[in-house]
Amino acid sequence: MKTEIFVAELKSAQDFFNRSTRCLTEEDSNFAPVPGTWTVAQQVAHAAQTVDWFFEGAFRPEGFAMDFERMGAEVGQVQSLTEARAWLARSFERALADLAGRSPEELREPLPPGVMEGQPRAAIIGALMDHTAHHRGALTVYARLLGKVPAMPYMEMEEAPVTA
């Protein structure tokens, strides 16, 4: 279980998220497809918050915070895509630094009781990849509803024109 592999996977998740959502702009911040759903900015903020949540929960003795109402309220306050993207960048930066400083032995230790209980701590990387993929997918739908064409997440490509 090499730490470098997990660092590379986490960097990929960040790159995929950023690439597939970069067509969204600050003007799109408060777009939501229907009332009662998160806005563009809130989707990104939630992705950021979850990076923090996974790393805090995996490596602290009391495990994962389960106050989802409080966390949802925190995300609900975000009104700016620029602010949300900055939060996401800081979250990934902290997570990558934390992960790079962990030994393979630490990453093999079991997660505390609760979320993903008993799995190796490294399992949070796969969960984070799934979670960010879920939200970047939702945001690509938002982008399409706004008449935008999201980039392919897995590599840089010349963007094809929108066809009817």
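Author: Contact here means heavy atoms within 4.5 Å. The model is a predicted one.

Reader: Leaving aside its neighbours within four places in sequence, which residues is R136 in contact with?

Author: R136 is found in helix 6. With neighbours within four places in sequence left aside, the residues in contact with R136 are F16, F17, S20, T21, P153 and Y154.

Reader: Which side chain of opposite charge is nearest to R136, and how far away is it?

Author: A salt bridge requires a side-chain nitrogen of Lys or Arg within 4 Å of a carboxyl oxygen of Asp or Glu. R136 is buried yet has no salt bridge, and the nearest side chain of opposite charge is D130, at 8.2 Å.

Reader: Within what arc do the buried residues of helix 4 fall, seen down its axis?

Author: The buried residues of helix 4 are L81, A84, W87, L88, S91, F92, A95, L96 and L99. Seen down the axis, they line one face of the helix, because they fall within an arc of 165°. On the other side of helix 4, the exposed residues are T82, E93, A97 and A100.

Reader: Is A47 buried or exposed, and what is its relative accessible area?

Author: A47 is found in helix 2 and, leaving aside neighbours within four places in sequence, is in contact with F17, L88 and H131. Since buried means under 20% relative accessible area, A47 counts as buried, its value being 0%.

Reader: Which residue forms a salt bridge with D52, and how many residues apart in sequence are the parts that this pair ties together?

Author: The closest N and O atoms of D52 and R94 are 3.0 Å apart, and the two residues form a salt bridge. D52 counts as buried at 13% relative accessibility, whereas R94 is partly exposed at 43%. Because D52 lies in helix 2 and R94 in helix 4, the pair ties together parts whose separation in sequence is 42 residues.

Reader: Which residues are linked with D67 in a network of salt bridges?

Author: The side chains of D67 and R70 meet in a salt bridge, with an N to O distance of 4.0 Å. D67 is linked in a network of salt bridges with R70 and E74.

Note on methods. Residues numbered from 1 in each chain as written. Predicted model: local features only at pLDDT ≥ 70, side-chain atom pairs only at ≥ 80, totals over all residues. Heavy atoms only, no water. Buried < 20%, exposed > 50% of the residue type's maximum accessible area, 1.4 Å probe, protein only. Helix = DSSP H or I, 4+ residues; strand = E, 2+ residues; numbered from the N terminus. Arc of directions from axis to C-beta. Lys, Arg positive; Asp, Glu negative; His and termini not counted.
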